[in-house]
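Biologist: I would like to go through some of the terms used for this structure. Please set each value against its definition.

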Amino acid sequence: MREMAFNPAPGASTPATANSETPMLLVRDVSFSAGGNRLLANVDIDIRRGSRTLIMGPNGAGKSLLLRLMHGLLQPETGAVLWQGGRLTPEACRAQAMVFQRPVLLRRSVMANLKFALSVRGLRGRERAEKIRAALADAGLEHLAKRPARVLSGGEQQRLSLVRALALEPELLFLDEPTASLDPASTAAIEQLVLEANERGVTIVLVTHDAGQAKRLGQDLVFLQDGTVAEIGSVETVLNSPKSEPVRAWRDGRIYLGPNTRSLKDFTGRSH
Ligand SMILES: Nc1ncnc2c1ncn2[C@@H]1O[C@H](COP(=O)(O)OP(=O)(O)OP(=O)(O)O)[C@@H](O)[C@H]1O
């Protein structure tokens, strides 16, 4: 996969001056290809400061790719991701954090995982110790502080992963299917941490396949289909009164076959 240079969208080459009206993050006419396939095409999204945006869509729609582009882990082939009206620089990326579906933890203790992340951000001494204590309390992991992170349950690992990201005090937090393999109690714990973070002002962008979770957590919903935005609006409106055929098909449990849908054989290995 190519890591491409910054390539502003038409009309976006001169970043707007950031003010309170400027969306925190703008995705403008972003396209991305790999292996000869167009995986995202002409995506436009505004993320408002302090908002909660849910990203939904079928497997392979491009949700994870979009998150990685918004977090600066990949560069758009064309178009631009703008941070507070300017370029998404490495410094800007440090104001963001990402929680992945499968927690990425060091083969160290729970406490050492928190300590390492905070040390990388330059925290030391009493300030770091206080943040570790608070994160362990938020995650309900005080009693497991010295346990190797890799022996924690899936739910405990994901709570650790989330509070470690939040301990870095990001302005924007991306979460990629953070509760995909968790039971209802662990899911509720993660959702509560996400909502509390949002109440403290952290902007949330979360990928999910769970309509219930979208309704519990979301304000805005972006529905992707085959690498393009099929529909965008409030969670309630998009899920309860979808205007687009991809969302209607998804809601009704039908397989949507659009002009850009790759052969079902790609997904099932069988001809239909
Ligand atoms: N590095 C890559 N090289 C080639 N193709 C890729 C690459 N990364 C992702 N893809 C393809 O891009 C498409 C979108 O992938 P992505 O992981 O964003 O989907 P998704 O919507 O998150 O799906 P899921 O719900 O299954 O997690 C898939 O067809 C995937 O195979």
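Biologist: Which residue in E10 is the bridge partner of Asp220?

Modeller: The partner of Asp220 is Ser234. This is a predicted model, in which local features need pLDDT of at least 70, side-chain atom pairs count only at pLDDT 80 or more, and totals for chains, interfaces and linings use all residues. Residues are numbered from 1 along each chain as its sequence is written.

Biologist: Which residue takes a positive phi in the hairpin of E9 and E10?

Modeller: Asp226 does, with a phi near 50°. The hairpin has 2 residues between the strands.

Biologist: Why is Gly57 called buried?

Modeller: A residue is buried if 20 or more other C-beta atoms, placed from the backbone, lie within 10 Å of its own, exposed if 12 or fewer, and partly exposed in between. Gly57 has 24, so Gly57 is buried. Gly57 is in the loop between strand E3 (52-56) and H1.

Biologist: What does Gly57 touch, not counting residues up to four places away in sequence?

Modeller: Gly57 touches Lys63, Phe223, Leu224 and Gln225. Contact requires C-beta atoms, placed from the backbone, within 7 Å.

Definitions and conventions:
Helix = DSSP H or I, 4+ residues; strand = E, 2+ residues; numbered from the N terminus. Contact = placed C-beta atoms within 7 Å. Pairing = 2+ DSSP bridges.
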